[in-house]
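Here is a short briefing to read alongside the model.

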Amino acid sequence: MSSRTPKNRRGDIHSSLSVTPSRTRRSNYDAPRRNLDDLNSDVSHLDVPLSSAPALSARAAPSDEPDEIRAIWGTTVNLAETMKLFREFLKGFKPKYRVAHDRERGAHTRAFSTPEEGEETLYETYLRRMRQVGDTNLNLDMVNLLAYPPSKKLYNQLMKYPQEVIPAMDQVLKDLMLEIADLDQQAGMDGMEGTDGEAEIAEIMGRVYKVRPFGLPAVNMRDLNPTDTDKLVCIKGLVIRATPVIPDMKVAFFRCLTCSHTVQVEIDRGKIEEPARCPRDVCASVGTMSLVHNRCEFADRQVIRLQETPDVVPDGQTPHTVSLSVYDELVDVAKPGDRLVVSGIFRSIPVRVNPRQRTLKSLFKTYLDVVHVKMGGGGALGFDRSTRPPGGDRLPGVGGGEDEEEENVEGRQTRKAEIEAKLLELSRRPDIYELLAQSLAPSIWEMDDVKKGILLQLFGGTNKSIARGGGGGGPRYRGDINVLLVGDPGTSKSQILQYVHKIAPRGVYTSGKGSSAVGLTAYVTRDPDSKQLVLESGALVLSDGGVCCIDEFDKMSDATRSVLHEVMEQQTVSIAKAGIITTLNARTSILAAANPVGSKYDVNLPITRNIDLPPTLISRFDLLYLVLDRVDEALDRKLAQHLVGLYLEETPERAGIEPLHELAAYIDYARSKVHPVITEAAGTELVRSYVEMRNMGDDPRASEKRITATTRQLESMIRLSEAHARMRFSKFVELQDVKEAVRLMREAIRTSAMDPRTGKIDMGLLNTGTGSGQRKMRDDMRREVLALLDGAAGGRGIKWNDAIKRLGEQSSIKVDVAEFTEVIKGLENEGRVKVVGERDKRTIRRMDG
């Protein structure tokens, strides 16, 4: 077997071709045919025994091709012609054909900088690059087949009969690779002289080359019909689960138990035929062939579940899922949460009612054998590069997709370079910050600070692993910024969330009431195929490297909310269920919106009484915005005019706004290319600002200091200043970035941590739920209650309402019933007082002791 070139062993194509023609073999076929004319020769060299019966049919015209594969079975498609067409296409296709084709369809085309650029033979360049980098996959854009006039019918053949056409294309590709290597060796190109060239050609001979077609228009999963079976289709979706790599048998090795004779059987259309008897005539024992596991050949295979993306699911229906089988180089390319555009062959296989019986169900199981995978096809923004594998998402294969623009000959102004130049020019504008903030959700009026905070959240800080820290490699400091919007109803909070979800890379949008704790993290289900318990990723794990938007945050159940503590600081999800113990990454920014208690914000109460969220969770948000609905005639008039203006038919385009796709391109470029470092001046300013914020709580009259900032606020300032530097495409965090970060932090703290009783900032409100002024007031009230009880006659105690009334008479400020209840509860826990009775008839008695 090793002497000849390996047979086409693609897992994704179960070809019915038994012979694959190649230049090297064609000469072998010609030799016996020439000898047939010599009637005196003995027939010992022929593999076919000649019949003694007279020939009843005319001899076939001599042909280059073996008889078996003249045409695809059941059709009039001549494979020899198909191969000839594809060969012409690879040798003759030029970029100018594609541009002309795009122009006909009215698509966007790019101008060539020189006429020669449109005339280069594109695929020959790709084949040379494949040889240089040692790649065996060629990504073939099917639109190019349509654009090249001679190969138009090849497009339909490839779409309808991929099982037969793709292996033929593989063979043409290999022949051309050898041909180009021969030419290059004769021309004496670099690395192809003499023995180097021979070694290179020998290596090409031993490889299996694969064509990976893509570029079909994507169809919805729901539109896949039985008529599409065994055809090439293209679908989009979201990966929800990927199995571990499964070894898939390609060549089986059998040994006879009686005489130890060995035989190899190749896979044929997805099945391996086990020999019923020993092939040796001497032995011929029945049922003695046993499989030798170690000598078989296997290929990698993986099963992926692809779900419809939420934006294409029809109203009121649950998303569909499709199983994908990926093979060889495509294994482990995608992970759960990725959005893919997949080209593959739609297959259906019968299912047995009972594995022990031959009865089949009339309902077939369908899946997709993948030939090409392309990332993206989802949100407008790219991924956060720091959350992807270290080598980046390098899909196998040369040519196709974005590579064409990136990898054109150097020195030419390509489309990518044009976009980059435009973005860099935009970043030099002095008012870039205001411009981008206005471009974010332009239909929402004002709310500038909120938009600026969310804009910086989209840019994000840089993720860092500090080697000096404890443990291997040190702790990983998060660069993701979390933002919480709290406010009155009708202040367009959900609108902002929807907008961010549309633009964010791997965003998941959930609502408080409609989510459970396992739905956010991960849940254990039984896999329908293998019947094993498997872990399915939830919303936070799927949005790893993106933004998770949570609406109605206050209406979440406590069990669900407790999950977020770990995600927001450590950025992992730890799981111990059903024997599965693991830690999953959830490196996501969280943008949450909540309503205050009683749905209207009460300005006279501290924030912890207004928002029904645990203080530990509130302190994990970098920015907390209060979006209040204040009455102001001038502002109301402007807002109403803006809203009515949106409903008018011919709304004038508001000047000075970047369109959505340009904003997305800008943010994407900044996130992938710009990683700012803090300068010394910025570091000094950060320290000074932090110390100043801490000192704001220094009050000479108060006996205890109020906490106005914690180290979390310092880390937030660092992240915000990095994001601001990123937004300017700056390599360094400078003074102006820190100042803007401090201003945003101050605004956020001023609105969220201000004690309404004193008007001063107190971080204790957020961290423990009670401010220092509140604690002092409780102590005073406690003393007074004990004094009242001591003064009560006969130890009968005081009625609840009377106690509140008498305290109110003594005090200069109104006694809060909730505070009074807390004080009495505290005294009761200490054993100082006892409450007897129910509701209004409650009596407070002093305990002796």
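Which residue does L484 stand opposite in β20? It is A592 that L484 faces there. This is a predicted model, in which local features need pLDDT of at least 70, side-chain atom pairs count only at pLDDT 80 or more, and totals for chains, interfaces and linings use all residues. Residues are numbered from 1 along each chain as its sequence is written, and side-chain values use heavy atoms, with hydrogens and water left out.

**The chain overall**

- The chain has 28 helices and 28 strands; these are DSSP runs numbered from the N terminus, with helices being H or I of at least four residues and strands being E of at least two.
- Of its 849 residues, 44% count as buried, where buried means under 20% relative accessible area, exposed over 50% and partly exposed in between, with a 1.4 Å probe and protein chains only.
- Among contacts (heavy atoms within 4.5 Å) between residues at least 6 apart in sequence, 70% join residues at least 24 apart.
- The accessible surface comes to about 44,200 Å², and 51% of it belongs to carbon and sulfur atoms; such areas come from the Shrake-Rupley method with a 1.4 Å probe, and for residues only the protein chains shown count as cover.

**The five-stranded sheet**

- An open sheet of five strands runs in the order β14-β17-β20-β13-β21, with parallel pairing; two strands pair if DSSP finds at least two bridges between them.
- Its edge strands are β14 (508–511) and β21 (623–627), each of which pairs on one side only.
- From one strand to the next, the twist averages 15°.
- Strand β13 (residues 483–487) and strand β20 (residues 589–594) pair in the parallel sense over four bridges.
- Helix α13 (residues 448–459) lies across β13, β17 (547–551), β20 and β21, running at about 155° to β13; axes are lines fitted to C-alpha atoms, for helices over the stretch in contact, and angles run from 0 to 180 degrees between N-to-C directions.

- β1 pairs in the parallel sense with β2 (residues 210–214) over five bridges, and F214 in β2 is the bridge partner of D141.

**Aromatic pairs**

- There are 13 aromatic pairs, counted when ring centres of Phe, Tyr and Trp (its six-membered ring) lie within 6.5 Å; planes under 30 degrees apart count as stacked, over 60 as edge-to-face and the rest as tilted.
- The rings of F89 and Y148 have centres 5.8 Å apart and planes at 65°, so this pair is edge-to-face.
- F89 lies in helix α2 (residues 79–92) and Y148 in the loop between α6 (142–147) and α7 (152–160), so the pair ties together parts that are 59 residues apart in sequence.
- F89 is buried at 0% relative accessibility, and Y148 is buried at 9%.
- The rings of Y669 and F729 have centres 5.1 Å apart and planes at 50°, so this pair is tilted; both residues are buried.
- Ring pairs link F86, F89, F93, Y97, Y123, Y126 and Y148 into a cluster.
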